[in-house]
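Here is a short briefing on one protein model. Take a look at the sequence and the structure before reading on.

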Amino acid sequence: MNWKAFAQYFNIPYRTVQDWHLGKRGMPEYLLRLMTYKVEMEGFQYESREE
């Protein structure tokens, strides 16, 4: 999964994901927990929106 797909899957603005990746700002701990929960509950069944 690329960064754009990651942003789409979690419904996070792509610019925010870029900032995390580049170290311009950190991801809040609570968000990491919510993202983990989402993946566990959905079984990570991502469908690309670009198709």
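Contact here means heavy atoms within 4.5 Å. By that criterion, Phe6, Tyr9 and Phe10 of helix 1 meet Met35, Lys38, Val39 and Glu42 of helix 3. The model is a predicted one. Its protein has 51 residues, and 25% of them count as buried.

**Overall make-up**
- The protein has three helices and zero strands.
- Read from the N terminus, the order of elements is α-α-α.
- The accessible surface is about 4,300 Å². Carbon and sulfur atoms account for 51% of that surface.
- Take the contacts between residues at least 6 apart in sequence: 44% of them join residues at least 24 apart.

**Nonpolar core**
- The largest nonpolar core holds nine residues. They are Phe6, Ala7, Tyr9, Phe10, Ile12, Val17, Trp20, Leu31 and Met35.
- Helix 1 (3–10), helix 2 (14–22) and helix 3 (29–42) each give two or more residues to this core.
- Helix 1 gives the most, with four residues.
- Met35 is one of the core residues. Setting aside neighbours within four places in sequence, Met35 is in contact with Phe6, Phe10, Ile12 and Met27.

**Helix 1 against helix 3**
- Two packed helices are described by the angle between their axes and the distance between the axes.
- The axes of helix 1 and helix 3 come within 11 Å. They cross at roughly 80°.
- Angles of 65 to 115 degrees count as roughly perpendicular, so helix 1 is roughly perpendicular to helix 3.
- The contact between helix 1 and helix 3 has five nonpolar residues, two charged residues and no polar ones.
- On the helix 1 side, the residues are Phe6, Tyr9 and Phe10. On the helix 3 side, they are Met35, Lys38, Val39 and Glu42.
- Lys and Glu count as charged, so Lys38 and Glu42 are the charged residues in this contact.

**Asp19**
- Asp19 is found in helix 2.
- Is Asp19 buried or exposed? Its relative accessible area is 17%. Buried means under 20%, so Asp19 is buried.
- Which residues does Asp19 touch, not counting residues up to four places away in sequence? Asp19 touches Lys24 and Arg25.

Key. Residues are numbered from 1 along each chain as its sequence is written. This is a predicted model: local features need pLDDT of at least 70, side-chain atom pairs count only at pLDDT 80 or more; totals for chains, interfaces and linings use all residues. Side-chain values use heavy atoms; hydrogens and water are left out. Buried means under 20% relative accessible area, exposed over 50%, partly exposed in between (1.4 Å probe, protein chains only). Accessible areas come from the Shrake-Rupley method with a 1.4 Å probe; for residues, only the protein chains shown count as cover. A nonpolar core is a set of buried Ala, Val, Leu, Ile, Met, Phe, Trp, Tyr and Cys residues joined through side-chain atoms within 4.5 Å. Axes are lines fitted to C-alpha atoms, for helices over the stretch in contact, and angles run from 0 to 180 degrees between N-to-C directions. Angles under 35 degrees count as roughly parallel, over 145 as roughly antiparallel, 65 to 115 as roughly perpendicular and the rest as oblique.
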